Structures are given as C-alpha cells and as structure tokens.
Amino acid sequence: MTAMRDLPDENLFVMGHTACPGCGVAISIRNALRILGKNTVVYVPASCGVVFSATYPHAAMKVPFLHTAFENTGACISGLKAAYEKKGKNVNVVGFAGDGGTYDIGLQSVSGAAERNEDVIYICLDNEAYMNTGIQRSGSTPFGAWTTTTPVGKLTRGKREFKKDLPEIMAAHDIPYLATLSVAHPADFIRKVEKAKTISGFRFLHMLTPCVPGWKIDQAKSIEILKLAVDTGMWTLYEFEYGERKVTYRPGKMRFVKDYLMMQGRFRHMSDEDIKRMQGWVCRKWGQHYGEKGSPEVCPVELPAEHHAITEDHRGMHGP
Amino acid sequence: MYEVRFHGRGGQGAVMAAQALAEAAVIEDKYAIAFPFFGAERRGAPVLAFTRIHDQKIYSRTQVYTPDCVVVLDDTLLDTVDITHGIKENGIAVINSTKKPEEIELGRKIRTAAVEATSIALELLKAPITNTAILGAFSRATGIVGIDSVEKAIMSRFGEKLGEVAGRKNAGAARMAYDRTETGMSSGGKEHAIRKQWLPEYRELPVGGVLGARTTDAGLIGPGSFIENKTGEWATFRPVRDRNRCTMCLACWFDCPEGCIIRIDNGKDLRTDYGYCKGCGICANECPVDAITMMRL
C-alpha cells in the first residue's frame, strides 16, 4: 500500500472546477483519480460531477471524459471497456455515478454490468439525495432527512423510509471486489482504491460524500462529519473480496447518532421519538457489521422484532 | 416600470433578495414579479435574479435586459461580469463594497451606491450572506420602496423560512445597511473587457463533439481547460498556514476539494494557490496541530 506522502503530485482533476466550496464529491474524485493514475477513462452520468467538471468546451479532468445519459453508467463503461479491449489497450475504465444514478435510475444498468462481471470500476458517490437538481429524495436518503420532496411540516417530518442497503445488493451479485470508503480515512481509502485498481472484473466502490447545501452543513466540516458518520455507525468501512466479508476499520467507541444528526440542518427538526427510531436502526446495523451489540450506553433499548423498513406510514397504506 | 437586476453568487441569496424586494413593493400596493435566471448554479458561481415593479399589472416575463438598477451582492463580480450592461441612462448601481462609490471602477460613470454589506452580514448574521443588507442599501439609494416595507417583507419571507429570530436579524441587517449607504458617481476609465468565447462553426466541430486539449484564440479548451477558471474570487476567507507549527502531515493536501494546496521543494513544503482557493476552511478544520487559520480577505 502506498503511504499518503508517496502519492503522486499530479492533479488529474484540475483547479478551477466549479464545485461548491467544501464539496465532498470533489475531494473523492480528485483522490480516486490521483491513485488510479493517467491510464484512466472516466464516464460520468447526469450529476453534479458532470456540471462542475465539464461545461462544454471546458473540462476539469485531464483524462478522457465521456458523458451521455443518466441511467446507463453500467452499460456505458461496459461498452468503453469493450472498445478499448478491441483496440488492444489496457486502461482503467471508471464510472463516477451519484446515488440517484446508482440506487434508483441506474440500478438496472449497474446490476447488468455486475452480473456480466465486466472489467470496470464503478464508483458510487453517495450524497444521499438528488443534489444537482436541488435536493430531492433518493433511495439513499436516510430516515428523517429533509429534502424538497420529503418536506417538514405538520403532516410529515422528512423522509419516512430508511436508507436502502446498496452494498448488500451489489454483494449479492457475487462480484470480485466491493468496498465502502470515506475520504476522512485516507489510509483505508488509498488501500481500497489501489486494490480495486489491481483486481480484474467488476469492482464497486461506494463513497459517502457530504453535500454542503444539501445536508445544510458548515462548508469546513465536510471531513469532520464523515468521521462522525463512521463513529456513530451511520457509515461502515468494509469490503467484500471474492465473497469474503471484512470490516476494515472499527471505530473505538460508538457515539450517539444524535451527535451526527444535529450537525446537519436536514435532520435538525427530528423529534426525540424519530431520533430514537434512528438509533435503533443504527444499532441493528452496527450489530450486523461488527458482530456485536452496540455499546450499552448508546443502545439500551430492546429493538422491536419487526422489520425496520415497515413504518407507521406503510401500515396506514397497506394495513397491518 | 422599474426593473432591477441582481448579480450575486450562488448561496448569497440573490433570488431571495429579488423575491423580498417584490414583496416589499406589493406591501406598498404596487405590482411586482421576481424570478431567477435558470442555469447550472453552484455555490459561489455567478448567478442572476430579476425584479420588476410597476403601478399597473406586469405582463412582461422576459429577463431584464435594460435595468433601471443593478444590485451587486459581491464586488469580486465586477472583475468578471460587466454589471452595467444595458443599464439605462439615469440608472443606478447598488454595490456591496468596502470602497467609496467614487473609487469603484465600473467602466463608465453612473450613479452608484456603496455599502459594506459583507461586514454587516458577518456582524449580525455570522455568515457572509449579504442579500438582506443590500436591500436596505437599495431602499436608501433608489427610494422605490421604503425601508419599513423592506423590513416587513424580509420578516415575512425570511421569518417564514428560517424562523422569527432569523427574520428579525435579517431585517436588522437591512436597516443597518440603510443607515450606512453612501451614494456618489462611479469612476469611468477603461472599458470592461468581455471574455472571448470559443464559437466554432458546425464544420469546425470534431465528430461527436470530441475535444482534445488545445489552445484557441479564446483560451484553452478540452481536458484540463478549467485551469483558466480562477475560482479564488469566490472566497470570503483564505487559509494562512504557520510554517513553524506545520508538521507536513499532508492532511490539508489530501482533503482540499480544489487541489490548490500544492507540494513544493520535493515535498518538503506546501504552497496554497489563492487564485483557486474558494475559502471553504476544510484545511483549517482538519489540521491536527491548528497551524492553519482562516483570515478575512
């Protein structure tokens, strides 16, 4: 594994791109490209990534860059790889899709590419809503979060469903390599991207990327909030390599999810009851990943036996 | 009809300012409309918003091309955008600036009002969001709407969205700006240079629109050409590093979203390229030895 100080200086995602100050996506793209190197071709579907890194005829990436439609990242990178193979060139073909382009709109395409085990790297930059079009909910938006389509008012208090567990869906495709990453844990980040670079077959990297206007956070706290996401259990750093599951970073002490929620404007309206429900969900997830119950002072409540995704609203719609 | 064009940066609230101004006019029993320019806005990128005020019904729905007044929420825009474009003969510019009106270079002599809206916003709102303060300056400079109606409009529009306390603070910012606005004539001098665009004919376009990196008479195009886009002018704060405290852990180098922290001297030192730094403050927040502080520009 390369240490941080041995990473190359060359910046393949140049200064002058127009991402918001403090953008988590920009940090993730820059460092992923830094590790993948010049021998890389990038595809980006409709997302912030295309708006701030390429407004024709200008582009921020110093590697070949392609953009077509929203829903076809998996298909496009498969085609790109096939074309380069035909030409006899061995390049890293990378797709940088957002959570909307992966969880919802592009799911059929990424599933197809994974099932065919195409030799490409798929990177999901997960900022937990459709931020580019002005913050609409996606399958990735966490429970309780405010978005323009899950508003906060008298009748509803943000999103009522929990976040979809996409890495598990991808793991079920039995792909050679899958990892969840965060730029706030650089050593882990570098190791996983390097590993993805060396393995052949379909590789899926899932990065949590804070969005300053969408999460309503201080622009200086993008990295701090990522660390807190891991410490509270909202985000887990793990990998699947040829079916073998391994947690790569375990936080020392579990922190209350409330600390994470109250740092972000999108969660600040949450009632004590909702926060308790969220804590229950996080404790369950913590147990699944780390193979033990969350620390007793954080997870005192016995969880109800029912499935977490069945909410009051579901019962209202479908009956008990 | 009185037409106003707002020049701001994403996140400063130009759109909210345009709406609050329209609401203030409605409070004074006039007709008004407000709408933004639709485009790919990011925080910090130049944006436009428009307001029309009239004592009869307004049927025009186009953008404002010949404004009676331009409102500039951030004076760094003066270097890149020709804000006086299309302004009427007796038009007025209301500018957030630390300078006096006579010192402001607009490329032509027009009536100008200046106010230190950023300082007011930082003092009262603790954030460089200048939209409410500048409305106070607008009221003072033009007299089109009274400051009382501006305050009421801000209380209702911002109060509804951000809560009553925030509404009152923002109204206070407008009042303070109203009291501090200075009016005069801008300085004339050199013409504003309009940035050239690369506008090829269809026959000059490569197949599929595929561009390689090359230089045209309008500057670089293709991969990596964003390097000509100086994003440093978006910043309100800039990081200053204390070299003696710095341990060269490279956390800031890795975490910088712009990549404007650059290794020099064979990796023995770092340099921050302020031409691109947007002043987000991640480096100062993440520095483990607190060697970086954010300074007001």
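## Two domains in chain B

In this predicted model, 33 Å separate the centres of domain 1 and domain 2 of chain B, taken over C-alpha atoms. The contact between these two domains draws on 10 residues from domain 1 of chain B and on 5 residues from domain 2 of chain B. The domain assignment of chain B places domain 1 at residues 2-185 and domain 2 at residues 231-296.

Between domain 1 and domain 2 of chain B an area of about 650 Å² is buried, and carbon and sulfur atoms give 59% of that area. The count of salt bridges between the two domains of chain B is 1, and a salt bridge is formed by the side chains of Glu233(B) and Arg9(B), with an N to O distance of 3.6 Å. Across this interface of domain 1 and domain 2 of chain B, 1 residue pair is found in polar contact, with both residues at pLDDT 80 or more. On the side of domain 1 of chain B that touches domain 2 of chain B, helix 2 (residues 117-124) of chain B gives the largest share, with 3 residues. The residues on that side of domain 1 of chain B comprise 3 nonpolar, 5 polar and 2 charged.

## The interface of chain A and chain B

The size of an interface is often given as the accessible area lost when the parts come together. For chain A and chain B the buried area is about 3700 Å², with 58% of it on carbon and sulfur atoms. In this interface, 48 residues of chain A are in contact with 41 residues of chain B.

Across the interface of chain A and chain B, 27 residue pairs are in polar contact, again with both residues at pLDDT 80 or more. Several elements of chain A give two or more residues to the side that touches chain B, among them helix 2 (48-53), strand 2 (54-55), strand 3 (58-59), helix 7 (186-198) and helix 9 (222-232). Helix 1 of chain A gives the most to this side, with 5 residues. By residue class, the side of chain A that touches chain B divides into 28 nonpolar, 12 polar and 8 charged residues.

Side chains of opposite charge can pair when their charged atoms come close. The whole structure contains 34 salt bridges over all chains. Arg263(B) lies in strand 11 (residues 261-264) of chain B, whereas Asp9(A) lies in the segment before helix 1 of chain A, so this pair joins two chains. The closest N and O atoms of Arg263(B) and Asp9(A) are 2.7 Å apart in their salt bridge, and the count between chain A and chain B is 2 salt bridges.

## The sheet of chain A

Chain A contains an open sheet of 8 strands with mixed pairing, in which the strand order is 4-1-5-6-8-7-9-10. Strand 4 (65-66) and strand 10 (244-247) of chain A are the edge strands, each of them pairing on one side only.

Within chain A, strand 1 (residues 40-43) pairs with strand 5 (residues 92-98) in the parallel sense, over 4 bridges. Val42(A) stands opposite Val94(A), which belongs to strand 5 of chain A.

## Backbone features in chain A loops

Most residues other than glycine have a negative phi, and most peptide bonds are trans. Against that background, two places in chain A deserve a look. The peptide bond from Tyr56(A) to Pro57(A) is cis, with omega near 5°, and Pro57(A) is placed in the loop between strand 2 and strand 3 of chain A.

Lys216(A), a residue other than glycine, has a positive phi, near 55°. The place of Lys216(A) is in the loop between helix 8 and helix 9 of chain A.

Definitions and conventions: Residues numbered from 1 in each chain as written. Chains lettered and ligands numbered in written order. Predicted model: local features only at pLDDT ≥ 70, side-chain atom pairs only at ≥ 80, totals over all residues. Heavy atoms only, no water. Domains from an automatic or database assignment. Contact = heavy atoms within 4.5 Å. Buried area = accessible area lost by both parts, 1.4 Å probe. Salt bridge = Lys/Arg side-chain N within 4 Å of Asp/Glu carboxyl O. Polar contact = N/O pair within 3.5 Å; in protein donor to acceptor, adjacent residues only side chain to side chain. Nonpolar A, V, L, I, M, F, W, Y, C, P; charged D, E, K, R; others polar. Pairing = 2+ DSSP bridges.
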